[in-house]
Amino acid sequence: MVWILDPDSYPLYTIILNKFQTGVARHGNETILMQSKQPKPKAIIICGPTGIGKTSFAVELAKSFQGEIIGADSMQIYRHMDIGTAKPTPAERSVVRHHMVDIVDPDEPFDAESYATLSLPIVMALQARQVLPFVVGGTGLYIKSLIYGLFDAKPVDKEVRIRLKQVAEKEGAATLFERLEQVDPVTARKLHINDRYRILRALEVYETSGLPISDYQQRHRFQESRMTTLKFGLHMERDQLYDRIDGRVDAMIHAGLLDEVRRLRESGYSGELKSMQSIGYRHMLDFLDGRLDWPETIRTLKRDTRRYAKRQMTWFNADREVVWVDPVVSSKVENRTREFLSDQLSVKK
RNA sequence: GGCGGCAUAGCCAAGUGGUAAGGCAGCGGUCUGCAAAACCGCUAUUCACCAGUUCGAAUCUGGUUGCCGCCU
């Protein structure tokens, strides 16, 4: 026998349910399914490689469902970086409201954790207003951290990170790796010796919290989603996509990418900044500083954009939940969305 | 027509008798607070072709083809 219970009348389970929204309890021989009155929020995810047309797809779909868009793009968060990030145009933004775009200056610190913390409340707020969120972007890690959150470690204080970086420079990454083998052999085994990036992160987690990063990871594992999602991945033949990318780079140049970068630098944003090291921006800087001539600048910009697209495809291909569709809003897409919305949050035995 | 030089992966290219460096480009993958970042792996059974010398040839010899120079 199965009981569907309202957790509000079972305060003992409340803590669990607040976290999971749904749960299973045993009572003698009976299985009791518990379902929160307030189900997990729903969200449509729209992902895919750069240049495939996520923005226009999302705007059209969000418009017809009267939803709002939450950007999931690690570069469109920056103000003043418009052309090179292929930011949604003012016109597009007037059709559908966009969140998580233009939220920090190019020299402000930002990371996946900030993204997750800032975007989740938006999803909740939309749910309260009964508006469907469309999470759209190409930054796989950001999407993942919005859906599942990241493991809950203490924030790293800058001193630790700086100190570790200095060690890396002075004594080489190998030293750090050896240290990691001492304190967190599990992680050391998983990482490549040259992966100083993650070696550093593992060590800083250890030094600030006293626990190996692998402990946190084993506890987290992206198991508990904070929302239910329908994921659309936009797909296109590789050759066709690459042509589009080449064309879009040319269009960005015509639209004045070089001037945009010049202006950013004049405003005091240096080439060292993470934002300025992104695709397009670093290429313009290479040209402005004479490291590359113009044809070579364009060539490498196109090449690096294609490589980036490739990495994104690898990321999203690994996600079995993604429903791959043509980058055109079809009736299939609309039907799937409708189905997803009408679907009760049913807990199956 | 004669003489000389060069032919090695999609491109550049090392290798002058001992079993095909490297770079570019490409492809595949990883990803838990820098992610448009960072990192890893793969890519010539074969050196224009044919024959010969040799235990052994991309490397030597002869011929063929192609390209590039110079000369007539």
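Predicted model: local features only at pLDDT ≥ 70, side-chain atom pairs only at ≥ 80, totals over all residues.
Student: Why is Arg221 called exposed?

Tutor: Arg221 has 10 C-beta neighbours inside 10 Å. The cut-off for exposed is 12 or fewer. So Arg221 counts as exposed. Arg221 lies in the loop between H10 and E8.

Student: Why is His80 called partly exposed?

Tutor: His80 has 13 other C-beta atoms within 10 Å. Exposed needs 12 or fewer, and buried needs 20 or more. The count of 13 falls in between, so His80 is partly exposed. His80 sits in the loop between E5 and helix H3 (90–95).

Student: What makes the phi of His80 worth a remark?

Tutor: Most residues other than glycine have a negative phi. His80 is not a glycine, yet its phi is positive, about 70 degrees. Arg221 is also not a glycine, and its phi is a positive value near 55 degrees.

Student: What is the phi of Gly149, the residue that follows H5?

Tutor: Gly149 has a positive phi, near 75 degrees.

Student: Which residues of H5 are buried?

Tutor: In helix H5 (residues 140–148), they are Tyr142, Ile143, Ser145, Leu146 and Ile147. Each therefore has 20 or more other C-beta atoms within 10 Å of its own. The cover over these buried residues includes E4, H4, E7 and E8.

Student: What is Ile143 in contact with, beyond its neighbours within four places in sequence?

Tutor: Ile143 is in contact with Ile45, Cys47, Ala72, Val135 and Gly137. Contact requires C-beta atoms within 7 Å, so each of these partners meets that limit. In the largest nonpolar core, of 52 residues, Ile143 is among those that touch the most other members. Another core, of 10 residues, lies apart from it and includes Leu176 and Phe177.

Student: How do you know that E4 and E7 pair?

Tutor: Pairing takes at least two bridges. Strand E4 (residues 42–47) and strand E7 (residues 133–136) share three bridges, so they pair, in the parallel sense. Ile46 stands opposite Val136 in E7.

Student: What makes E6 and E9 edge strands?

Tutor: The open sheet has six strands, in the order E6-E5-E7-E4-E8-E9. Strand E6 (98–99) and strand E9 (323–325) each pair on one side only.

Student: Which residues are closest to RNA strand B?

Tutor: Ser74, Met75, Asp111, Tyr197 and Ser278 are the closest of 46 surrounding residues. H14 gives the largest share of that surface, nine residues. The surface divides into 16 nonpolar, 15 polar and 15 charged residues.

Notes. Residues numbered from 1 in each chain as written. Chains lettered and ligands numbered in written order. Near = placed C-beta within 6 Å. Helix = DSSP H or I, 4+ residues; strand = E, 2+ residues; numbered from the N terminus. Nonpolar A, V, L, I, M, F, W, Y, C, P; charged D, E, K, R; others polar. Core = buried A, V, L, I, M, F, W, Y, C linked by C-beta atoms within 7 Å. Contact = placed C-beta atoms within 7 Å.
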